[in-house]
Amino acid sequence: MDFNNATQAFAALSQETRLKVYKILMEYGSTGLAAGAISDQLGIPHNTLSFHLSHLSQAGLVSSRKEGRKVIYAANGQTVESLILFLRENCCSASQEANEQCSPILKEKP
C-alpha cells in the first residue's frame, strides 16, 4: 500500500456512517449483505447509502456483486490488513531500544 491508497482508505473510514457500514459488512464476511438490508439496519435512505458505499468502494474497502435484482456488498478485509501493515512497516526501526519494546507487537499478525 502506498501513501495515496492509505490516505484514501482513511478518508473513507473517517466518516461515521461509512465506518458503521464497514463494521456491519465485516460481520458478514465474504457473504456480504444486500444494500437494502444495510440501509434498513442503519435507518438511512438508499441514495445516502449509495453515496457512502461509493466512497468505500473507490477506496477498495468494499466490493459488490449482483444477485438477481439485489446488489450485495462485502468488506474487503485485505485492504484493511494492507493498511495495518502500511502503518507498522517502519515500527521501531529508528532505535534499538524502541525495537526491543516493539518486538512483541511486530510478531503479532494484524
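Predicted model: local features only at pLDDT ≥ 70, side-chain atom pairs only at ≥ 80, totals over all residues.
Q: How are helix 3 and helix 4 oriented to each other: roughly parallel or roughly perpendicular?
A: Let's start with the angle: helix 3 (residues 35–42) and helix 4 (residues 46–58) pack at about 110 degrees, with their axes 10 Å apart. Angles of 65 to 115 degrees count as roughly perpendicular. Helix 3 and helix 4 are therefore roughly perpendicular.

Q: Which residues of helix 4 meet helix 3?
A: On the helix 3 side, the contact involves Ala 35, Gly 36, Ile 38 and Ser 39. By class, this contact has four nonpolar, three polar and no charged residues. The partners in helix 4 are His 46, Leu 49 and Leu 53.

Q: How many charged residues are in the contact of helix 2 with helix 4?
A: The axes of helix 2 (residues 16–28) and helix 4 come within 10 Å and cross at roughly 75 degrees. Sorted by class, the contact has seven nonpolar residues, three polar and, for charged, one.

Q: How far apart are the end C-alpha atoms of helix 5?
A: Helix 5 (residues 77–88) has twelve residues, so at 1.5 Å a residue it should span 16 Å. The distance in the model agrees with that, at 17 Å.

Q: Which residue caps the N-terminal end of helix 5?
A: Look for a side-chain oxygen 3.1 Å from the backbone nitrogen of Gln 78. That oxygen belongs to the capping residue, Asn 76.

Note on methods
Residues numbered from 1 in each chain as written. Heavy atoms only, no water. Axes fitted to C-alpha atoms, helices over the stretch in contact; angles between N-to-C directions. Helix = DSSP H or I, 4+ residues; strand = E, 2+ residues; numbered from the N terminus. Parallel < 35°, antiparallel > 145°, perpendicular 65-115°, else oblique. Contact = heavy atoms within 4.5 Å. Nonpolar A, V, L, I, M, F, W, Y, C, P; charged D, E, K, R; others polar. Expected span 1.5 Å × (residues − 1). Polar contact = N/O pair within 3.5 Å; in protein donor to acceptor, adjacent residues only side chain to side chain.
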